[in-house]
Amino acid sequence: MAAPHAAVAGEAGSGDTELSLASSISEDGKRPQFGTRFLTDPRQVFQHNAWDNVEWTEEQEASAKKKVLENCQPLPSEKQEEYENRANEYWNDFYTIHENRFFKDRHWLFTEFPELCPQCSPNNVTHQKVSSTGRCVQDEERAKQGAAVSPINVNFPGATASYRILEVGCGVGNTVFPILKTNNDPELFVYCCDFSSTAVDLVKTNPEYNLGRCFAFVHDLSDVEANYPIPDGTLDVIVLIFVLSALHPIKMQASISRLARLLKPGGVMLLRDYGRYDMAQLRFKKGRCLSDNFYVRGDGTRVYFFTQEELHSMFTEAGLEKVQNLVDRRLQVNRGKQLTMYRVWIQCKYHKPLVPSPETRDGDAEPDCS
Ligand SMILES: C[S@@+](CC[C@H](N)C(=O)[O-])C[C@H]1O[C@@H](n2cnc3c(N)ncnc32)[C@H](O)[C@@H]1O
């Protein structure tokens, strides 16, 4: 597994926040370098494109906080409602304009999240009881016997698979397609959803979209009454990359709790998203704030900036247990313009306990792999 505080370049977001992945590629151009370049002498700052695990001074933190407070006079409620009610339309417009040109494949995916391809990892990382192939032992037995995964519901896409990954807010598939390419486990099935039908159409029309291994569908994460095409208790991994931040903060907890029900015991939720005082937050001017740390971009898409504690509280409230919760601070440098940009991202892994806690036990799906 990657070292804690490993830095990751590149991120999702709207046009004002996109960054190049180039700075994470080593000088031999072959593989990404994470978390290895530290700025010890400030005079050297323009010697490289990026510095890892940058410490913030107290003054820097205080100045960021001041800037955020100064720029946050929330917009009137009619505007707020419009952004909420038409959220998927703004993202549809975004994908109509950018199609699949905007977001880049992320080479760090399997370094940071080896759960996306357990058998590719030397340590065979998983959060379930595993066999040597990295699969859940009970599922592997069922697969061998050709048995259905759930006696209750066998009629869903990927029902016979034994390793199931769902990406929520998949956009045009910058995570999904690398998973399908890299993880050759014949028992793998990948689901992906987004509430932008334009994005989902782009996934479905991608030549790499293969219905035998993948199922893309339109779904609003914040609509907790809407059904997923997958029974509860059947997923090994749920991935959220720069998507939770796009939801209204009051809808986040219920959305995470709903998703947690889809996980098998031992299954894991993986998240990477914007951290508090990231450069993108500090760039928002007056007139863009919706509520504390929540903003609307020029194109109508919204973004929230998290603290580690907020995410921890949300995942644990959903009955999940912490595996990882780290803040990734990186200093990116535009050497041409002599600009410094402080990025803050949060990366979390929370798993579903094998034995549910008494509070979450009632109403939980029958465990598939306990
Ligand atoms: C910043 S983009 C990230 C896309 C993708 N995860 C990536 O990293 O390339 C946020 C994505 O979340 C989707 N999204 C926002 N709110 C959503 C919701 N309530 N339900 C489902 N998807 C949502 C958007 O349509 C968009 O594709």
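## Helix α8

The cover over the buried residues of α8 includes β2 (163-168), β5 (235-241), β6 (263-274) and α10 (308-317), where contact requires C-beta atoms, placed from the backbone, within 7 Å. Helices (H or I, at least four residues) and strands (E, at least two) are DSSP runs, numbered from the N terminus.

In α8, residues 249-262, the buried positions are S255, I256, L259, A260 and L262. Seen down the helix axis, these buried residues fall within an arc of 140 degrees, so they line one face of α8; the arc is that of the directions from the helix axis to the C-beta atoms. A residue is buried if 20 or more other C-beta atoms lie within 10 Å of its own, exposed if 12 or fewer, and partly exposed in between, with C-beta atoms placed from the backbone.

## Helix α10

Just after α10, G319 takes a positive phi of about 90 degrees.

## Basis of the model

This is a predicted model, in which local features need pLDDT of at least 70 and side-chain atom pairs count only at pLDDT 80 or more, while totals for chains, interfaces and linings use all residues. Residues are numbered from 1 along each chain as its sequence is written.

Conventions:
Two residues are in contact if their C-beta atoms, placed from the backbone, lie within 7 Å.
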